[in-house]
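User: Please take a close look at one helix of this model and its surroundings. Then set that part within the chain as a whole.

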Amino acid sequence: MRRVYLDNNATTPVLPEVLAAMQPYFGEHFGNASSIHHHGQETRAAVERARESVAALIGCRASEIVFTSGGTEGDNLAIFGLANQGLANQGLAKPGHVVTSTIEHHAVLNSCKQLEASGCEFTCVPVNGRGLVDPDDVRRALRPNTRLITIMMANNETGVLQPVEEIGKIAAEADVYFHTDAVQAAGKIALDVKRIGCDLLSISGHKMHAPQGVGALYVKKGTVLRPMLYGGSHERSRRAGTENVPGIVALGKAAELARAAFARGDLDRMSALRDRLEQVILGEVKATTVNGQGAPRVPNTSSIHFDCIEGEALVIALDLKGLAVSTGAACSSGAIEPSHVLTAMGLRPEQARGSLRFSLAKQNTSKDVEFALSLIPSTAARLRELSPVYNKTASSF
Ligand code: PLP
């Protein structure tokens, strides 16, 4: 059976060039990068080359890159590393405060919730109907004890790009640290930490064609982070633990390939495919809307609301026919929770549950999109026929 994968915001396939680059580090070049002998020096050199490559992707110095196990760790390290420390040294009586948004990934939201246990407070700024944070809300949320603003760059469900440069200016004026979760932006749009004006930025390998379990956190020179792991002095004492050399080499290669793809204009091709997917679905399936329509978005993502359809049912029906997409909704204890991102944008729970996320990547072709389009309208129509709500309201569509 033909299978097409349009769920690249969940994870991307490792590119053959990336696999080829990392493979020798499982066998021939197996050394511990901290060893001083030949084997160690060989892998140390590979780690440092990868660091240069990741730094080049986001416009920083190699020494400002800390390798992590992925986006979740990068987000945690930024938040716990900064939010709670420093206040005691500064003799401040009040605990710290963090500003974040309602549409962050759970790696950020749950870290902020966890901070509360140590007395640190956080404020979640809202988004508008297009899924955008208003920088003025961020400014208004600042308090004298605010240590950190953490607002994502691209949302994982809608692809909506946040006004991070304006938020960076607000943070700089207020002398507050600014972290941005760029997990869904890296490899999809050009990133420049100086233009963004952030102090910390997290990325994840498996969202950009490196394997799962590796990532990086940019830490601006001079930013003192309290480590989360204690052990050796790896990563300049910012992240203890023997380096995941094959993963790091893969991330370096993926960063190099992402830069080459920008230069070749691959992303324009991707956004054209995404736009075609959207246009045909909106044209052929009644009562559909794009979540985040009109907002700036990364070129690969489309979140579409299908009125009167259970998103989960549509995902399963499409999967049976060979198309992999997702709802973007979290599933906990058997109950499908409506997406916190879509409900924060004002969708009713049933509208959020009726939304599907399509996310493309480099490997997708126009044939893949045509295959998806050959399935989606008919499958949506069949599910609607089964919907009592749709049958009651169909005449109004
Ligand atoms: N942040 C965002 C926006 C994400 O989409 C994800 C993963 O889906 C993460 C963080 C977590 O990254 P990882 O899976 O590498 O831990």
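Analyst: Helix 11 covers residues 311–320, and its buried residues are Gly311, Leu314, Val315, Ala317 and Leu318. Buried means under 20% relative accessible area, exposed over 50% and partly exposed in between, with a 1.4 Å probe and protein chains only. Helices (H or I, at least four residues) and strands (E, at least two) are DSSP runs, numbered from the N terminus. This is a predicted model, in which local features need pLDDT of at least 70 and side-chain atom pairs count only at pLDDT 80 or more, while totals for chains, interfaces and linings use all residues. Residues are numbered from 1 along each chain as its sequence is written, and side-chain values use heavy atoms, with hydrogens and water left out.

The buried residues of helix 11 pack against strand 10 (301–306), strand 11 (323–324) and strand 14 (355–359), and also against helix 13 (349–353) and helix 14 (366–385). Contact here means heavy atoms within 4.5 Å. After helix 11 comes Gly322, with a positive phi near 105°.

Next, the nonpolar cores. A nonpolar core is a set of buried Ala, Val, Leu, Ile, Met, Phe, Trp, Tyr and Cys residues joined through side-chain atoms within 4.5 Å. The largest one has 64 residues, and Ile58, Phe67, Ile149, Met153, Phe178 and Leu201 have the most contacts inside it. Helix 9 (residues 245–264) gives the most to this core, with nine residues. Another core, of 29 residues, lies apart from it and includes Ile304, Ile309, Leu373 and Leu383. In soluble globular proteins, nonpolar side chains tend to be buried together.

Ile58 touches Ile65, Leu191, Asp192, Val193, Leu201 and Tyr218, residues up to four places away in sequence not being counted. Gly59 sits in the loop between helix 2 (38–58) and strand 2 (65–68). Gly59 is partly exposed, at 26% relative accessible area. Leaving aside neighbours within four places in sequence, Gly59 is in contact with Leu191, Asp192, Val193 and Lys194. The C-alpha atoms of Gly59 and Val193 are 5.9 Å apart, although 134 residues separate them along the chain.

As for the whole chain, it has 15 helices and 14 strands. Buried residues make up 56% of its 397 residues. Of the contacts with a separation of 6 or more, 72% join residues 24 or more positions apart. The C-alpha atoms fill a box of roughly 70 × 55 × 40 Å, taken along the principal axes.
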